[in-house]
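Open the structure in your viewer and keep the selection panel at hand. The tour moves from one selection to the next.

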Amino acid sequence: SDGPGSFKLKPEYDKNFNIYSEPDVGTYWLVINLKDPLLGGNVKLRKAMALAINRQGFIDDMLNGRGVKIDSVVPVTIAGNHIDSKVVFPDYNVEEAKKALAEAGYPGGKGLPTIKYAGQTGGNTLRQFEYLRRNWAEIGIQVEPDFTTYSASLKRFDEGNFQIAMTG
């Protein structure tokens, strides 16, 4: 297929090899702790953070283009996905993100405390954090890593002792 996330062989390999790709049933998303006093009570702040994330850029840069930007946690291969439900998530828009951040009470990030990004040590967590940190810094949101071991992070999530994290 020639859809997003599909693979093509270089012309010199096209004669001798065939390649087949199929969309994965996995998805990744950010989890925001709604019990957190800062993030949970400020929908405009959460909107600003969402609008500031370049999701297609994340797929291109972090996943070598192997992925499809969706507007749901339901993968495109499963019924009920964003295509079936016609849900449309606002796309990456720095100007709208800045506007939402100002409406949240933090124009340009002024007065906004540093947000802690929870994650696990090792793997791609640091690279993912750095990508998101750069996106949020564009609008004035400062984020710092708050990494622990895998088992400690599971306990942290169960207890609700985090602000924001990526999962899937």
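**Salt bridges**

Seven salt bridges turn up in a search of the whole structure; a salt bridge is a side-chain nitrogen of Lys or Arg within 4 Å of a carboxyl oxygen of Asp or Glu. The model is predicted, so local features need pLDDT of at least 70 and side-chain atom pairs pLDDT 80 or more, while totals for chains, interfaces and linings use all residues. Residues are numbered from 1 along each chain as its sequence is written, and side-chain values use heavy atoms, without hydrogens and water.

Select aspartate 91 and arginine 55: they form a salt bridge, with the closest N and O atoms 3.8 Å apart. Aspartate 91 sits in the loop between helix H5 (82-85) and helix H6 (94-103), and arginine 55 in helix H4, 36 residues apart. Helices (H or I, at least four residues) and strands (E, at least two) are DSSP runs, numbered from the N terminus.

**Helices H4 and H7**

Next select H4 (residues 55-62) and H7. Gly57, Phe58, Asp61 and Met62 in H4 meet Arg127, Gln128 and Tyr131 in H7, where contact means heavy atoms within 4.5 Å.

**Second largest pocket**

Now select Gln120, Thr125, Gln128, Met166 and Thr167, which lie nearest the centre of the second largest pocket, among its 16 lining residues. A pocket is an open set of points on a 1 Å grid over the protein atoms alone, where a 1.4 Å probe fits, with protein on both sides within 12 Å along at least five of seven lines; lining residues have an atom within 4 Å of a point. Strand E2 (115-120), helix H7 (125-137), helix H8 (150-159) and strand E4 (164-167) each give two or more residues to this lining.
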